[in-house]
Amino acid sequence: MRKNSIKNTRINAEVQKELSEIIRSEIKDPRVNGAMTSVVSVEVTPDLKYCKAYISVLADEERANAVLAGLKSAEGYIRRELARRVNLRNTPEITFKLDQSI
């Protein structure tokens, strides 16, 4: 499977949709809930082992780092919820990165 194949694009979109839903409604960590957080884009590797999720936080840099730390601590729960919601052969290991493009 090539990197930009139609299948990989669909998987990226589905994972992005579910990740944003999980972060918005399921995570109870006050570090994550206090700021406006959105999933800008997701890159899943073709072998479905790893996933980079680019997160945008509408707050100052200190608050954004706290949100990233909260997401990193909830990574196992997010991965389990993603496995339950999206039917993939492998559930990717998620790495959260702060998106400063805005």
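Colleague: Which residue in strand 3 stands opposite Lys-52?

Modeller: Thr-95 does. Strands here are DSSP runs of E with at least two residues, helices are runs of H or I with at least four residues, and both are numbered from the N terminus. This is a predicted model: local features need pLDDT of at least 70, side-chain atom pairs count only at pLDDT 80 or more, and totals for chains, interfaces and linings use all residues. Residues are numbered from 1 along each chain as its sequence is written, and side-chain values use heavy atoms, with hydrogens and water left out.

Colleague: How many bridges join strand 2 to strand 3?

Modeller: There are 6, and the two strands run parallel. Two strands count as paired if DSSP finds at least two bridges between them.

Colleague: And strand 1 to strand 2, parallel or antiparallel?

Modeller: Antiparallel, with 8 bridges. Val-42 stands opposite Ala-53 in that pairing. The two strands form a hairpin with 5 residues between them, and Leu-48 in the turn has a positive phi of about 60°.

Colleague: What is the strand order of the sheet?

Modeller: The order is 1-2-3, in an open sheet with mixed pairing. Strand 1 and strand 3 are the edges, each pairing on one side only. On average, neighbouring strands are turned by 30° against each other, direction ignored. Helix 3 packs on the sheet and touches strand 1, strand 2 and strand 3, and its direction makes about 175° with that of strand 3. Axes are lines fitted to C-alpha atoms, for helices over the stretch in contact, and angles run from 0 to 180 degrees between N-to-C directions.

Colleague: Back to Val-42. Buried or exposed?

Modeller: Buried, at a relative accessible area of 6%. The cut-offs are under 20% for buried and over 50% for exposed, with partly exposed in between (1.4 Å probe, protein chains only).

Colleague: Which residues is Val-42 in contact with, leaving aside neighbours within four places in sequence?

Modeller: Asn-12, Val-15, Gln-16, Leu-19, Cys-51, Lys-52 and Ala-53. Contact means heavy atoms within 4.5 Å.

Colleague: Which residues touch the most other members of the largest nonpolar core?

Modeller: Val-15, Leu-19, Val-42, Ile-55, Leu-71, Ile-78 and Phe-96, out of 26 residues. Helix 1 gives the largest share of this core, 5 residues. A nonpolar core is a set of buried Ala, Val, Leu, Ile, Met, Phe, Trp, Tyr and Cys residues joined through side-chain atoms within 4.5 Å.

Colleague: New topic. How many salt bridges are found in the whole structure?

Modeller: The search finds 7. The criterion is a side-chain nitrogen of Lys or Arg within 4 Å of a carboxyl oxygen of Asp or Glu. Glu-21 and Arg-24 form one, with the closest N and O atoms 2.7 Å apart. Another joins Glu-26 and Arg-85 at 3.3 Å, N to O.

Colleague: What does the pair of Glu-26 and Arg-85 tie together?

Modeller: Glu-26 lies in the loop between helix 1 and helix 2 and Arg-85 in helix 4, so the pair ties together parts that are 59 residues apart in sequence. Both residues belong to a salt-bridge network that also links Glu-18, Glu-81 and Arg-84.
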